[in-house]
Amino acid sequence: MTSRDRVINTLLHQSYHPIPTMLAISPHVRQGREAACAGLDVQFQNDVDFLDYRHFPFETSRDHRDSWGCVWSCRDGAWACLEKTQFSDPLDIEGCRVPQPKIDENLIQHVNDLCENNKRFVVVRSAISPLRRLKALLGTDVAFEMIRKKPKELMNFLVRLHGYYLKQLDAWLQTDVDAVCFEDDWADERGLKTSYARWNEIFAPLYHDYCTRVRRSDKFVYFSSKGNFEEIIPNLIHMGVDAIRFECGAVDWSVLTQRYAGRIAFHAVLEEKTLLEETESDLSQKILSYRSFFENQGGLIAECRMPMEVSMRKIAFAMNNWRRRMPQPE
């Protein structure tokens with residue numbers, strides 16, 4: 001059975017040992033540690049490949065102005081928008097010029113080449129992020145204020161933004177990837193950053209349209225967000241999302257499994273902060289605690305993000321705890 005088969009069966013809520021895993025090592029982290037990272041690649045071969053096209057075609061050596069006019073900066077291998085409203089009046093967003101998506105036949109062929117003969121499950125991380133685009137254009141505070149007030153100018157712009165994203169999505173659906181991932185910045189550790197009513201009224205229909213198109217193309221749907229977005233998981237299940245990708249420490253695992261196990265799969269990300277701060281003993285206890293909620297249930301995929309400062313030993317220790325058999329009660 002290939003990694004791809006095991007991941008697909010996991011998304012269908014079958015239980016496997018070892019559970020599918022992914023060790024995420026960014027190009028920034030690999031610099032200067034190529035040999036050690038190569039050893040980890042061999043020891044912990046990924047079951048999932050994430051193809052990251054959220055910031056295509058940005059360069060990593062300098063700040064970049066995208067086709068919308070928003071400026072992004074790369075720091076420590078991660079892109080962040082230098083948020084500054086482009087409008088003297090936020091309502092002017094209605095007339096914002098919507099560019100053409102930068103996905104052409106060459107990019108589609110490149111993605112298909114990566115998928116060809118690939119035994120891993122391939123997910124494309126798309127740039128389809130309505131809230132992130134609003135924040136880039138308006139700034140965070142103004143974006144959330146506009147969502148709260150819901151002026152017609154915002155709604156008219158979102159119709160055009162949705163059309164732009166549908167063109168992107170149609171291009172990804174021409175590829176041979178197994179899944180498309182939508183992600184956005186909807187939550188923090190306290191929960192949703194906007195009201196559930198506004199999220200459900202304004203944005204849920206957009207995501208529902210995306211999910212419907214993906215599933216009609218016989219591909220899986222991923223949804224990824226930081227923070228605790230448990231409040232919208234029932235909506236995501238209704239839309240047809242197959243897997244949610246979340247940070248381990250941001251959610252209550254007992255709530256997740258009690259309410260949603262068997263209805264949606266969980267792609268759990270062990271945060272860099274946890275790897276840096278926890279002792280090996282505490283790290284082992286934490287990972288086994290997470291896994292205990294899924295004993296014999298299936299539906300769990302584990303991802304470990306490797307920070308620059310962590311030792312290779314601790315990375316290997318964490319990965320082995322995700323993959324080893326659970327202790328059996330005496």
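Contact, in this report, means that heavy atoms lie within 4.5 Å of one another. The structure is a predicted model, in which local features need pLDDT of at least 70 and side-chain atom pairs count only at pLDDT 80 or more, while totals for chains, interfaces and linings use all residues. Residues are numbered from 1 along each chain as its sequence is written, and side-chain values use heavy atoms, with hydrogens and water left out.

## The parallel sheet

Helices (H or I, at least four residues) and strands (E, at least two) are DSSP runs, numbered from the N terminus, and two strands pair if DSSP finds at least two bridges between them. Eight strands form an open sheet with parallel pairing, in the order 1-13-12-11-10-7-6-2. Strand 1 (21-24) and strand 2 (48-52) stand at the edges with a single partner strand each, so one side of each is left without a neighbour in the sheet. From one strand to the next, the twist averages 25°, where axes are lines fitted to C-alpha atoms, for helices over the stretch in contact, and angles run from 0 to 180 degrees between N-to-C directions.

Strand 1 runs parallel to strand 13 (residues 300-305) and is joined to it by four bridges, with Ala24 standing opposite Arg305 of strand 13. Helix 10 (residues 253-260) lies across strand 11 (243-247), strand 12 (265-270) and strand 13, and it runs at about 165° to strand 12.

Glu303 is found in strand 13. Buried means under 20% relative accessible area, exposed over 50%, and partly exposed in between (1.4 Å probe, protein chains only); Glu303 is buried because its relative accessible area is 2%. Not counting residues up to four places away in sequence, Glu303 touches Met22, Ala24, Phe50, Arg245, His267, Ala268, Val269 and Leu270. A polar contact is a pair of N or O atoms within 3.5 Å, of which, within protein, one must be able to donate a hydrogen and the other to accept it, and residues adjacent in sequence count only if both atoms are side-chain atoms. Such a contact, of 2.9 Å, joins the side chains of Glu303 and Arg245.

## The antiparallel strands

Strand 3 (residues 64-65) and strand 4 (residues 71-75) run antiparallel and are joined by two bridges, and Arg65 has Val71 of strand 4 as its bridge partner. These two strands form a hairpin with five residues between them, and Gly69 in the turn has a positive phi of about 95°. Strand 4 is also joined, by four bridges, to strand 5 (residues 78-81), again antiparallel, and here Cys74 has Trp79 of strand 5 as its bridge partner.

Most residues other than glycine have a negative phi, and most peptide bonds are trans.

## Helix 8 and the cores

Helix 8 bends by about 50° at Phe203, and a proline, Pro205, follows within four residues; the bend at a residue is the angle between axes fitted to the seven residues ending there and the seven starting there. The buried residues of helix 8 include Trp199, Phe203, Tyr207 and Val214, and among the elements that cover its buried residues are helix 5 (130-138), helix 7 (152-172) and strand 7 (179-183).

A nonpolar core is a set of buried Ala, Val, Leu, Ile, Met, Phe, Trp, Tyr and Cys residues joined through side-chain atoms within 4.5 Å. The largest one has 98 residues, and those with the most contacts inside it are Leu134, Phe203, Phe229, Trp253, Leu270, Met306 and Trp322. Helix 7 gives the largest share of this core, ten residues. A second, separate core of 16 residues includes Val48, Phe121, Cys181 and Phe220.

Asn321 lies in helix 13 (residues 312-323) and counts as buried because its relative accessibility is 4%. Leaving aside neighbours within four places in sequence, Asn321 is in contact with Ser284, Ile287, Leu288 and Arg291, and its side chain makes a polar contact of 3.1 Å with the side chain of Arg324.
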